[in-house]
Structure formats: structure tokens, C-alpha cells
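Try each task before you read its solution.

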Amino acid sequence: MIREVLVVGTLIYLLIIAMQCFDRPALWLQGMAIGAALALATTVYWCREDLRLRTWEAIALWAAVLLFVAYGLARLGGLI
């Protein structure tokens, strides 16, 4: 069921991206890049093996957490 919800969510986001591109034509390149990334991520998630997918999900989650901590420390230190 998670995979189906992910596909529906991706389709909704792609619709929003398309509406933004029609409303602001200058954003078409960014919209296409983000739409392609969403479609690729959904496809990878849909087609991957569960065990390998869990490993990559854990790696991506911890990378996001560590990048957020690094950003916070850089912000706290006055680098940003």
C-alpha cells in the first residue's frame, strides 16, 4: 500500500509542478528537473528489492540528518 500512496503523491506533485510551469514559464527547466527526479525516485522505490531498499533508505535518512546538523553547526558558528 505504501508504494501505491507514493505513486499517487508523486502524481499530485507532478500536477502541481505542471501548473507552476504553466503559470510561470521561466520555471520550466526547474520543473522538468524536479519532475524527473520525483519520477526516478518513485520508479526506483517501486522496482527495488526490499532489503536493499531499506539499506539505501537508512543511508539517505542519516545523510539528511547529518547534513541538517552540519548546517545547524555552520549557522551557529557564523559560517552561513
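**Exercise 1. In which helix does Leu14 lie?**

Solution. Note at the start that this is a predicted model. Step one: find Leu14 in the chain. It lies in helix 1. Step two: judge its cover. Leu14 has a relative accessibility of 27%. Buried means under 20%, and exposed means over 50%. Leu14 therefore counts as partly exposed. Step three: look along the chain. Gly31 is 17 residues apart from Leu14. The C-alpha atoms of Leu14 and Gly31 are separated by 8.6 Å.

**Exercise 2. Is Thr10 buried or exposed, and what does Thr10 contact?**

Solution. Thr10 sits in helix 1, which covers residues 2-23. Step two: apply the cut-off. Buried means under 20%. Thr10 has 7% relative accessibility, so it counts as buried. Step three: list the partners. Leave aside neighbours within four places in sequence. Thr10 then contacts Leu38, Ala39 and Thr42.

**Exercise 3. Work out the surroundings of Thr42.**

Solution. Thr42 belongs to helix 2, residues 28-47. Step two: judge its cover. The relative accessible area of Thr42 is 10%, so this residue is buried. Step three: list the partners. Again leave aside neighbours within four places in sequence. Thr42 touches Leu6, Val7 and Thr10. Step four: find the polar contacts. The side chains of Thr42 and Thr10 make one, at 2.6 Å. The Thr42 side chain also reaches the backbone oxygen of Leu38, at 2.9 Å.

**Exercise 4. How far apart in space are Ala18 and Arg75?**

Solution. Step two: judge its cover. With a relative accessible area of 31%, Ala18 is partly exposed. Ala18 and Arg75 are 57 residues apart in sequence. From C-alpha to C-alpha, they are 34 Å apart in space.

**Exercise 5. Summarise the surface and the charges of the protein.**

Solution. Step one: take the buried share. Of the 80 residues, 11% are buried. The protein exposes about 6800 Å². Carbon and sulfur atoms supply 76% of that area. Step three: count the charged side chains. There are 6 positive and 5 negative ones. The centres of the two sets lie 8 Å apart.

Conventions: Residues numbered from 1 in each chain as written. Predicted model: local features only at pLDDT ≥ 70, side-chain atom pairs only at ≥ 80, totals over all residues. Heavy atoms only, no water. Buried < 20%, exposed > 50% of the residue type's maximum accessible area, 1.4 Å probe, protein only. Areas by Shrake-Rupley, 256 points an atom, 1.4 Å probe, with all protein chains shown as cover. Lys, Arg positive; Asp, Glu negative; His and termini not counted. Charge placed at Lys NZ, Arg CZ, Asp CG, Glu CD. Helix = DSSP H or I, 4+ residues; strand = E, 2+ residues; numbered from the N terminus. Contact = heavy atoms within 4.5 Å. Polar contact = N/O pair within 3.5 Å; in protein donor to acceptor, adjacent residues only side chain to side chain.
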